[in-house]
Amino acid sequence: MCGILGRVPAADPIPFKQALDKLYHRGPDGYGTWSDDVNITLGHRRLSILDVSDNGKQPMHYGNYVITFNGEIYNFLEIRKELEKSGYTFKSDSDTEVVLAAYTKWGEGCFLKFNGMWALAIWDKLNNKLVLSRDRFGKKPLFYTLSKQFVFASEMKAIIPFLDEVRPSDDFDWCRQNIFLYESTDKCLIAGIKRFPAGSIGVFDFDSMQLSVKKFWNTLDHLQEVPADYNEQVEQFRELFIDACKIRMRSDVSIGTTLSGGLDSTATICTMDHINKQHKAERQSNDWQHAFVASIKNTPWDEADYARSVTDKLGINNTFITVDGAGQYDKLQEYIYLCEDLYMTSPIPMIQTYKAVREGGVVVTIDGHGADELLCGYNYDFYEAAFDEGFDFKVFKQLVNTRKSTLVAGYKGPGNIEAAKELTQYVGRINMVNLMHVANRRILKNRMRLPIKRYKKLEGLSHFNSLLYNMSHNTILPTLLRNYDRYSMASSVEVRMPFLDYRVVTFLLSIPWNSKIKNGFTKAILRDALKDIMPQEILSRKSKVGFNTPMLEWMKGPWKEELEDTLSSSAFINASLINAKEVSKKIRQIINNPAATYADGVYAWQEFMPYLWERSFITNAGNETSAR
């Protein structure tokens, strides 16, 4: 897990190194640069995880190839053994060298063999050919700019010094209004920079100065034939998930997890414990018993008691992190610079959590991200299953009752309170037949006003799985993957996600809705697959709290005075990316209104955030265009 940078043609070494060092947080353990002095310069900031010796340094050479690589290939040991049988030899114990040898043998076909996350560039010294690749689901970031030069990097801030000017892109307003849509496009917030697509290979042509990009992965092409019997599906999923966690426990440094006490993170740490007892992995870190729990005290987001019950059952170390907004307002601009993009909440709780992880001596976390999007963890995806069953009354009743019980159980979660109250009152007023009639009419004629756009059925998928596919590939999950990469790498921590193992993804998108919603529970197959290794109180939880910033409480409390100062400042009043008068009015209405809601706070933050972004990237970055 590192930071990469490259430029065509070759760059002046001093400004290139200065640009590379903007990625220091991604790789504080060392750096390397290589250039052929004419065509290309490659750079690397290293976070040492596999083979922490100098043998693992990058850019790395293997035969005619040079690589700069960000990520991890979890099945590198299996691929290495296969290559060794063909006569390939290795000087290091790193996965990077395996990537180069695999490319030597299989060319671009090697990327389908990798189980991992990556953004990389391989330079063919013999043929003057540059190949870029990004993992299947875009866990690792990759940006580029292309004009008279071609520059690529792990983050936009390392490309900025090569730009002629730094200004918001023409797509800025669209991105601001579509926070959950733009990550899966090539649109970026800074003019002249594009996002390299996930699951793709790019070849740069030096004669035409053009980048040719093609997909090497499409999940819909890899859907599986799954057993019809639910119990067989449960067993198959159990085997897949255990192996996904097992290969992610490979590390030469300490690993741990961020634990919420919810189903997904608990499933992850319990599976790690199970593996250590019964299926210990080759190259597994022996120092893995670390759980970090973010506690936002006196708010509905505090799940510390649930998390403590998990660590007590497993007998592993826990670190409770008190997330507090006091003294954090002045750091917002720095944090926005580290995160680079816009989002619906502040990054403070997440950055504080991974900072504590690193300070606790842990470099890698294995976390539960991705399960909600693949296993129906949100409250607005239930009714798509009705399309697949022709609005059968019994099925619809099951869906309604499951959604109702899940929402009611989520009263602790502020994001669900209004929805739970509304649904409870609504169901109480009318009988199920009328509810089904109303829902039919709304779905068919008005798309039911779901919180996200209803997507049409995709080839090979049911209506239900089509919605989950879009959440996991086009909207919510790509945005979360981007954010958690930045949150964690801000403190030089690598996050691994077993639910994003491509074998798990394709399996979960191949099973029917009633393997995910069953007996009044969502994520049924996960609960049943791990019921013998997880605490019963977590298995039976229906509430979903989520990990968010208590924006309303902080804006009305520890941030109030500083917010008032900002709203009165000339910098805010003259900001070009917001309507300062309207944003100021909204924020003051919230901080002075006892009846303001959580949703009000989130909305106000989204309106305010472009101002912080402008201060970070436009006002302060204008003097960084020095590496051209």
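Author: In F143's pairing within β9, the bridge partner is A153. This model is predicted, with local features needing pLDDT of at least 70 and side-chain atom pairs pLDDT 80 or more, while totals for chains, interfaces and linings use all residues. Residues are numbered from 1 along each chain as its sequence is written, and side-chain values use heavy atoms, without hydrogens and water.

Reader: How many bridges join β8 to β9?

Author: Helices (H or I, at least four residues) and strands (E, at least two) are DSSP runs numbered from the N terminus, and two strands pair if DSSP finds at least two bridges between them. β8 and β9 form a hairpin with three residues between them. Strand β9 (residues 150-153) runs antiparallel to β8, and the number of bridges joining them is four.

Reader: Which residue in β10 does Y144 stand opposite?

Author: Strand β8 (residues 143-146) also pairs with strand β10 (residues 194-195), in the antiparallel sense and over two bridges. Within β10, the residue opposite Y144 is K194.

Reader: Why is α2 described as oblique to α3?

Author: The axes (lines fitted to C-alpha atoms over the stretch in contact, with angles from 0 to 180 degrees between N-to-C directions) of α2 (residues 76-85) and α3 (residues 95-106) come within 10 Å and cross at roughly 45 degrees. That angle makes α2 oblique to α3, because angles under 35 degrees count as roughly parallel, over 145 as roughly antiparallel, 65 to 115 as roughly perpendicular and the rest as oblique.
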